[in-house]
Amino acid sequence: MPIAVWRSPLARAIHHNRSLPYARYFQLATVDPKGYPANRTVVFRGFLDNSNQLKVITDTRSQKIHDINHHPWGEVCWYFPNTREQFRLAGQLTLITADYPDEGLQQVRQQTWQNLSDAARLQFAWPDPGVARVPDKQAFSPPPPALDQPLPNFCLLLLEPVKVDHLRLQGFPQNRWLYYQDSSGEWFQKAVNP
């Protein structure tokens with residue numbers, strides 16, 4: 001699949017904001033089974049090789065897994081302070097869990113696990129998220145997980161954008177572009193009013 005036209009302005013924004021560690025974070029919105037919106041901050045882990053898919057990690061025990069299993073669409077909102085740009089990327093979400101059938105994506109899941117910091121890997125060995133707090137603080141100091149084998153609850157999450165809204169807040173008037181895919185997968189760009 002060819003690299004989408006929106007990747008160039010996004011790459012520029014990432015580059016110009018690389019000095020800001022928090023510029024790697026964006027908000028991921030999903031819809032829960034009752035129809036309520038759910039939004040949380042996640043860390044950008046790069047793009048899946050030779051694709052337009054954004055990589056994120058999550059725990060299969062988290063609420064977002066239930067949301068995505070019910071409705072596998074989401075939207076990312078990513079703001080870059082240095083360049084005063086916002087990107088909203090909407091698309092299909094794919095959960096690469098321990099039993100996902102694609103061998104190539106399993107290898108990407110394992111590589112992503114190996115690229116994590118020790119502290120990030122350790123969080124996947126903590127008690128179940130979202131339930132009553134465990135009173136024993138030792139539960140949050142388990143033995144370090146193996147580097148070569150992701151824990152079963154470690155999940156690679158992929159977002160395949162089908163629509164991108166790019167807003168540059170610099171200048172007057174501000175500039176905004178919509179990028180969208182047609183049914184054959186070709187990307188188009190259109191300047192719109194901010």
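Is C77 buried, exposed or partly exposed? Good morning, colleagues. C77 has a relative accessible area of 26%, and therefore it is partly exposed; the term buried applies under 20% relative accessible area, exposed over 50%, and partly exposed in between, with a 1.4 Å probe and protein chains only.

Before I continue, a word on the basis of this talk. The model is predicted, so local features need pLDDT of at least 70 and side-chain atom pairs count only at pLDDT 80 or more, while totals for chains, interfaces and linings use all residues. Residues are numbered from 1 along each chain as its sequence is written, and side-chain values use heavy atoms, with hydrogens and water left out.

C155, at 0% relative accessibility, counts as buried. In general, a disulfide is a covalent bond between the sulfur atoms of two cysteines. Here the criterion is a pair of cysteine sulfur atoms within 2.5 Å, and a search of the whole structure finds zero disulfides.

I turn next to the annotated region. The UniProt record, in an unreviewed entry, places the feature "domain: Pyridoxamine 5'-phosphate oxidase Alr4036 family FMN-binding" at residues 4–96. UniProt positions are given in the numbering used here, feature names are shortened, and annotations may be inferred rather than shown by experiment. Over residues 4–96 the chain is 19% helix and 43% strand, and the end C-alpha atoms are 23 Å apart. Helices (H or I, at least four residues) and strands (E, at least two) are DSSP runs, numbered from the N terminus.

With 10% relative accessibility, G74 counts as buried. Setting aside residues up to four places away in sequence, G74 touches A29, L89, A90, G91, L93 and L159; contact means heavy atoms within 4.5 Å. G74 and Q92 are 18 residues apart along the chain, and their C-alpha atoms are separated by 6.4 Å.

Now to the aromatic rings. Rings of Phe, Tyr and Trp (its six-membered ring) pair if their centres lie within 6.5 Å; planes under 30 degrees apart count as stacked, over 60 as edge-to-face and the rest as tilted. By this rule the count comes to 13 aromatic pairs. Why is the pair of W6 and W187 edge-to-face? The ring centres of W6 and W187 are 5.8 Å apart and the planes stand at 70°, so the pair falls in that class. This pair links distant parts of the chain, with W6 in the segment before α1 (7–16) and W187 in strand β8 (residues 187–192), 181 residues apart. W6 counts as buried at 0% relative accessibility, and W187 counts as buried at 11%.

F80 and F87 form another edge-to-face pair, at 6.0 Å centre to centre and 85° between the planes. F80 is buried with a relative accessible area of 1%, and F87 counts as buried at 0%. Ring pairs link W6, F26, F44, F47, W78, F80, F87 and W187 into a cluster.

Two arginines also meet rings. A charge sits over a ring if NZ of Lys or CZ of Arg is within 6 Å of the ring centre and within 35 degrees of the ring normal. The charged end of R7 sits over the ring of F47, 3.5 Å from its centre. Likewise, the charged end of R24 sits over the ring of Y25, at 5.9 Å from its centre.

My last topic is a set of polar residues. T97 lies in the loop between β5 (85–96) and α3 and is buried, with a relative accessible area of 16%. The side chains of T97 and D99 make a polar contact of 2.5 Å. Such a contact is a pair of N or O atoms within 3.5 Å; within protein, one must be able to donate a hydrogen and the other to accept it, and residues adjacent in sequence count only if both atoms are side-chain atoms. Beyond four places in sequence, T97 touches T60, Q106, R109 and C155.

In helix α4 (residues 118–123) we find R121, which is buried at a relative accessible area of 5%. Its side chain is joined to that of D118 by a polar contact of 2.3 Å. Leaving aside neighbours within four places in sequence, R121 is in contact with W113, Q114, L116, P145 and L147. Q114, for its part, is located in helix α3 (residues 103–115) and is partly exposed, with a relative accessible area of 28%. Thank you for your attention.
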